[in-house]
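Here is a set of questions and answers on one protein model. Please read them with the structure open.

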Amino acid sequence: MNALQGIFTNAVALNAQRNLGVSQNSLAGIQAQLSSGLRINGARDDAAGLAISERLQANLKAQDSSIRSINQGISLVQVADGGLMNISESLQRGFELAVQAANGTLAASDRANLNAEFRQLHAEIDRIAEGTEIFGRYPLAATPSTTMGQTKSIKEVFAGGPTLNGQPSGLKPIGFIPAGATDVTITVDGIVGAEDDIQIFTADGKHLVGTPAVGARADSSWLKNGVSSVADVEGKLLTEAYGFQAGVSFDGNPPLVDYADTTGKTYSQDLADGVSGTYKGMTFTYTGDGDRFPSDTDTTDGSTDAYHGVEKLHIDTVDEPLFLAVTGQGIFNINAQWGSMPDAPQPKNTGPVDIVVRADFERAVETVTVNSTPSDTKTLGLESVEIDPLEKAREALEKLKQAIDKINSYRSDYGAVNNRFDSAIGLIGQESVATAATRGQIVDADYAKNTAALTRLEIQQKVSNAMLAQANVNPKFLLTLLGG
């Protein structure tokens, strides 16, 4: 079949041009692969392969992040174990001192000297437990950290001035006094007849100052608020919402400092006439509960003045958070002054930590939990342990054994978790190698194959160019038909 010869349509040239375009596109693809080293440089190269390779790439990045996460977990474990090692050394020394103090041949002065060193070890254990920190976390600190719930620091309560007037009394704490405060004086002026009494508690429920809540001497300021039992005190005042420790218990004992006997005493607002007591190095001076004084005729008696019944409390230094409440069923004015008052402590970041050990594209996140190991003396059962006198020294031996066993258990747990982390890193490393190899098979360019194809396509392009040039010359021969 003869091809139609014409000027406007050069089929031979068009076909040559099409073949040249095909070879140029193929050559461009080969050059892109050779220059980038990748077989897939866009979705058009291999749509399915691109999707698979992107999932594999996500897994590789997740595996790298998981290894970093695990290494952070290892650092956490190692720091915590280092702190425990130092605490263990202090406990071992404490046990050694207790054994010496338990010896009946020691003189009282010798045992007192041993006890002085024991107290220093006690303080050092708490310092390590509360100060061991990594990534903003405190793995050895007391759990839960002392929180103050809905109760504000008295620095915040009295931010507008030293006096609050017309306050309704009840059972809710006024505020807490943070550790580190010094020269604190609280004055309560009960007005409109009803009595209002100062009450001071520790965060763990120890009643330090005020009027008895239960028992034969239970004060009306409690009774008027429906408190007549230990359970009432715990359920209505010593709650976690108010900032007391979870599960706090009240021993039912009267306050450490209160006017148990007012016989022959005259009501006074002067602290020099008050009663004093000491708790853990903190000295409390209290002028007493005015309504308990016997005279009903003395105008200085707090119970006779229908408009005023002043009570005053002074604390020389505060070594742990104290809760201030005013009990009663009336209205009162309250004044708070201090020499120094730190800001409220922020709760330390304690508790278990979840460490990510796997987070592949197709799988749910997997974690390993590193539990907190509170190692302060209170948690270890050593808060009130002494090795003087002899009887306490022998009691201390058993408690120190239990504390040492607890620390050993903690360290064993950390060792097991550390080994688990090492194993997880090894597994992820192997998977990363296999994943990278699989992805490479999909996306990496085959240089041997592409080099051969490049040579072929370059030759083909040159030939196509030559044929296109020849095809473009063919219409000129039509001039011969016209006698040109």
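Buried means under 20% relative accessible area, exposed over 50%, and partly exposed in between, with a 1.4 Å probe and protein chains only. This is a predicted model, in which local features need pLDDT of at least 70 and side-chain atom pairs count only at pLDDT 80 or more, while totals for chains, interfaces and linings use all residues. Residues are numbered from 1 along each chain as its sequence is written, and side-chain values use heavy atoms, with hydrogens and water left out.

Q: Is Asn 115 buried or exposed?
A: Asn 115 lies in helix H3; helices (H or I, at least four residues) and strands (E, at least two) are DSSP runs, numbered from the N terminus. Leaving aside neighbours within four places in sequence, Asn 115 is in contact (heavy atoms within 4.5 Å) with Glu 386, Ile 387 and Asp 388. Its relative accessibility is 4%, so Asn 115 counts as buried.

Q: Which helices are included in what covers the buried residues of H3?
A: The buried residues of H3 include Arg 111, Leu 114, Phe 118 and Ile 125. Their cover includes helix H2 (47-101) and helix H7 (390-443).

Q: How far apart are the end C-alpha atoms of helix H3?
A: The expected span of a helix is 1.5 Å times one less than its number of residues. For the 24 residues of H3 (residues 108-131) that gives 34 Å, and the model agrees, with end C-alpha atoms 34 Å apart.

Q: Which residue forms a salt bridge with Glu 124?
A: A salt bridge is a side-chain nitrogen of Lys or Arg within 4 Å of a carboxyl oxygen of Asp or Glu. The closest N and O atoms are 2.7 Å apart, and the partner is Arg 127.

Q: How many residues apart are Asp 81 and Arg 411?
A: Asp 81 forms a salt bridge with Arg 411, with the closest N and O atoms 2.9 Å apart. Asp 81 is partly exposed at 23% relative accessibility, as is Arg 411 at 27%. Asp 81 is in helix H2 and Arg 411 in helix H7, so the pair links distant parts of the chain, 330 residues apart.

Q: What is the arrangement of the rings of Phe 201 and Trp 222?
A: Rings of Phe, Tyr and Trp (its six-membered ring) pair if their centres lie within 6.5 Å; planes under 30 degrees apart count as stacked, over 60 as edge-to-face and the rest as tilted. Phe 201 is buried at 1% relative accessibility, and Trp 222 at 0%. The ring centres of this pair are 6.3 Å apart and the planes are at 80°, so the arrangement is edge-to-face.

Q: Which residue in S10 does Thr 187 stand opposite?
A: Strand S3 (residues 182-191) is mostly covered, with eight of its 10 residues buried. Two strands pair if DSSP finds at least two bridges between them; S3 and strand S10 (residues 331-337) run antiparallel and are joined by seven. In S10, the residue opposite Thr 187 is Asn 335.
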